[in-house]
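Open the model in a viewer and follow the stops below in order. Each stop says what to select and what is found there.

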Amino acid sequence: MAPSSGRRQPPSAEELEERNIVGINKETVTNTVSNDYPDNYANEDQAWDKEDFRRSFKVQWHENRPYDAQFSLIGVDASIANAFRRILIAEIPTLAIDLVFVHNNTSVIQDEVFAHRLGMIPFTGGKKGIREWMGFWRKPAEGESTFDTTFDNNTVCLRLKAKCTHNADAPAGSRDPRELYHHAHLYARDIAFELLGGQAEFFSGADAVRPCNPDVLIAKMRPGQEVDMEMHMHKGFGWDHAKWSPVATASYRLLPTIAITQPIVGADAAKFQACFLPGVIALEPVTRQEARARGSELDGREGEMKAVVKDPMRDTVSREVLRHPEFAGKVRLGRRRDHFIFSVESTGQWRSDELFLEAVATLKRKCQVLRPQVTNMVYTY
């Protein structure tokens, strides 16, 4: 017998697909570690290649509403997908209430809590003014006052002033505080925007700074209570405080895979379908060709309903199907390692699709900063 050359045959398409699937078993999860790097497999060149990446990388949009988007990044490593997620949460600047000057507050809400509630209200305004014209406010140094570093191009001034009084025209017998009193409820729409200096060019008319949702409830008051506050809005990043995060949530999950390895027919098919969310599994009749195929497990079952995978993206991978012994060995669950389904919900200052594009631009700038540093490190050592 001739000695083995020791060289490994190139992997088949099935093996390459198997490498890319995270196995979801009844009590374990397998194949969770990335394996596409040099020297991981003998006689295979797993070095990163720009052209291969260009051919395999895809962006697919599933939903694109103004403040809620869902899209897929296909053909990237988890580190890249996670970088986008972190940038979306913490590294895209927004405008939010930062300083609150309380002139009077006799409501039941303490000053500190009231200020925190104001800071968490999302605002919007002219895009050019917020993103291009406005700069970042600098915290005053020792010996400086707050207004020494406050200018029209780094601070937006808001005012909230209201006093709760009895409504003399309230309907007789009414028990609704909103009818009995004036300013019984303070909403985000009660916050007034004050133009300063050159802000009129960027924040007038439809571009005025305003709450994204005017119906956000701030406080409830009763006759005799009043508030008088001045607020300064500044640009900031989510890594400093959550009020500057442009998203309510930005998350991703791996695309689920469901492989039916043996036919599931009849009552078992209906039970199999019930193990998943609606729309994941469909029931289709067994065709004549399937029933008459030589060696078919569907012999004589023409017209009966069989289970087929319809839309695996809807699946939450609850593993409910693995609890039932009748499905043992008939189904394999998994997740695609390089298919990330993103869900981005904007707070309102950015559109959801704009946020992803800005995240790409931010990552690109980071790479441009890192690249010369890596080059200098190589030349140094």
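**Pockets**

Begin with the largest pocket, which has a volume of about 1700 Å³. The model is predicted: local features need pLDDT of at least 70, side-chain atom pairs count only at pLDDT 80 or more, and totals for chains, interfaces and linings use all residues. Residues are numbered from 1 along each chain as its sequence is written, and side-chain values use heavy atoms, with hydrogens and water left out.

A pocket here is an open set of points on a 1 Å grid over the protein atoms alone, where a 1.4 Å probe fits, with protein on both sides within 12 Å along at least five of seven lines; lining residues have an atom within 4 Å of a point. Grid points are joined across faces, edges and corners, and a volume is the space filled by probe spheres set on the points.

Select Trp48, Phe53, Ser56, Gly75 and Val76: of the 40 residues lining the largest pocket, these lie nearest its centre. Helix H1 (13–19), helix H2 (50–56), helix H3 (78–90), strand E18 (331–346) and H9 each give two or more residues to this lining. H9 gives the most, seven residues. Helices (H or I, at least four residues) and strands (E, at least two) are DSSP runs, numbered from the N terminus.

Next, select Glu18, Ile21, Thr257, Arg332 and Leu333, the closest to the centre of the second largest pocket among its 17 lining residues. That pocket holds about 280 Å³ of space. E18 supplies the largest share of its lining, five residues.

**Aromatic rings**

The structure holds 17 aromatic pairs. Rings of Phe, Tyr and Trp (its six-membered ring) pair if their centres lie within 6.5 Å; planes under 30 degrees apart count as stacked, over 60 as edge-to-face and the rest as tilted.

Select Trp61 and Phe356, an edge-to-face pair at 6.2 Å centre to centre with 80° between the planes. Trp61 is in strand E3 (residues 58–65) and Phe356 in helix H9 (residues 352–380), 295 residues apart. Phe356 is buried, at 7% relative accessible area (buried means under 20%, exposed over 50%, partly exposed in between; 1.4 Å probe, protein chains only). Trp61 is partly exposed, at 35%.

Now go to Trp133 and Phe202, which are stacked at 4.8 Å centre to centre, with 20° between the planes. Trp133 is partly exposed at 25% relative accessibility, while Phe202 is buried at 13%.
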